[in-house]
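Please read these notes with the model open beside them.

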Amino acid sequence: MLEDSLNWRMQNEIDSILEKPIIPVDLYRSIRDTQLIGLSGYSKEGIPVFAVGVGLSTYDKASVNYYVQSHIQINEYRDRFILPTVTKKYGRPITTCIKVLDMTGLKLSALHQMKIVTAISTVDDLNYPEKTETYYIVNAPYIFSACWKVVKPLLQERTRKKVHVLRGCGRDELLQIMDYSSLPHFCRQEGSGSSKHSSGDADNCFSLDHPFHQELYSFIQEQALNQELIKQGSLHVKIPEQDPEDAKIVEVIEAEFHKLGVQNGSANGIDQA
């Protein structure tokens, strides 16, 4: 696995991916508005907290290559700068992060995004393994609960133990491990969800105007200028072949989505919420 990952890094020039900004900035803003992820803060133990807007990410403003490139850039910045910085600050190794997954807006139509979500998760599983300490699921609608019921038994025990489904926005439970300032904006009050309008852009960690994304984008632009590498066009990263067990889980999720669609009276099983 390590050999495959090293070959993947060399073949796709991952070591220089932080020197390749996505331009123009309006395109990058569109990606940030449709691939909802950001650093909301840190736990009381110094572990980075990443928020992910699963239900409202649409991945419909750019090609798959741009979304994969953006995701890998966040991974690389986390591993090269964020984790070493908190390791130094707390005087002990900090090598993982916490992810808070907001299911607000999750619908059967999410099946249309399954291909790109699978590509990104495959990149993570094979090249950035064991980087998430705990997954917290919040604002979960019925469709998530139905899928989770059939997927949970298929997961390895160590993976199941990482996943915690919280009530509502999960604020009270999350405040036990992080301060209010580190809560993702969609966890600060019941019913807020991942909506871009739920708080100011400075507090919305998905927004390009959030300090984390401003810092990341500025860093990549600066590196590109130093290397005189700024040019338009996405980076074509080869997606590794998916693990057979993961592929089975995807098939189960797709089947459950179709079943729910039929139960809701949808003609093709994916058009209704």
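**Notes on the predicted model**

1. Asp209 is partly exposed, at 34% relative accessible area. Buried here means under 20% relative accessible area, exposed over 50%, and partly exposed in between, with a 1.4 Å probe and protein chains only. Arg29 is also partly exposed, at 31%. The side chains of Arg29 and Asp209 form a salt bridge, with 3.2 Å from N to O. Arg29 sits in helix α2 (residues 25-34) and Asp209 in the loop between α7 (171-174) and α8 (211-227), so this is a link between distant parts of the chain, 180 residues apart. A salt bridge needs a side-chain nitrogen of Lys or Arg within 4 Å of a carboxyl oxygen of Asp or Glu.

2. Before going further, the ground rules. The model is predicted, so local features need pLDDT of at least 70 and side-chain atom pairs count only at pLDDT 80 or more, while totals for chains, interfaces and linings use all residues. Residues are numbered from 1 along each chain as its sequence is written, and side-chain values use heavy atoms, with hydrogens and water left out.

3. How many salt bridges does the rule give? The count comes to 11. One of them joins Arg9 and Glu76, whose closest N and O atoms are 2.8 Å apart. Arg9 belongs to helix α1 and Glu76 to helix α3, and the two are 67 residues apart. Helices are DSSP runs of H or I with at least four residues, strands are E runs of at least two, and both are numbered from the N terminus. Are the two partners buried or exposed? Arg9 is buried at 19% relative accessible area. Glu76 is buried at 3%.

4. Lys131 pairs with Asp79 in another salt bridge, the closest N and O atoms being 3.8 Å apart. Lys131 is in the loop between α4 and β4 and Asp79 is in helix α3, so the contact ties together parts that are 52 residues apart in sequence. Both ends are partly exposed: Lys131 at 21% and Asp79 at 22%. Elsewhere, salt bridges with shared partners link Arg9, Asp15, Glu76 and Arg80 into one network.

5. Now the disulfides. A search of the whole structure finds 0 of them, the cut-off being a pair of cysteine sulfur atoms within 2.5 Å. A disulfide is a covalent bond between the sulfur atoms of two cysteines. Cys205 is buried at 1%. Cys97 is buried at 0%.

6. Strand β4 (residues 132-138) is mostly covered, with 5 of its 7 residues buried. Which strands does β4 pair with? Strand β3 (residues 97-102) runs parallel to β4 over 6 bridges. Asp102 stands opposite Val138 of β4 in that pairing. Strand β5 (residues 163-165) is also parallel to β4, joined by 3 bridges. Ile137 has Val165 in β5 as its bridge partner. Pairing requires at least two DSSP bridges between two strands.

7. There is 1 cavity of 30 Å³ or more in the whole structure. On a 1 Å grid over the protein atoms alone, a cavity is a set of points where a 1.4 Å probe fits but cannot get out; a pocket is an open set with protein on both sides within 12 Å along at least five of seven lines; lining residues have an atom within 4 Å of a point. The cavity lining consists of Ile37, Phe50, His71, Ile74, Asn75, Arg78 and Lys99. Helix α3 (residues 64-90) gives the largest share, 4 residues. By class, the lining has 3 nonpolar, 2 polar and 2 charged residues.

8. The second largest pocket holds about 250 Å³ of space. Its lining includes Met1, Trp8, Leu126, Lys238 and Glu241. Helices α1 (2-11) and α4 (114-127) each supply at least two lining residues. The largest share, 5 residues, comes from α1. The lining divides into 5 nonpolar, 4 polar and 3 charged residues. Nonpolar covers Ala, Val, Leu, Ile, Met, Phe, Trp, Tyr, Cys and Pro; charged covers Asp, Glu, Lys and Arg; the others, Gly among them, are polar.

Notes: Grid points are joined across faces, edges and corners, and a volume is the space filled by probe spheres set on the points.
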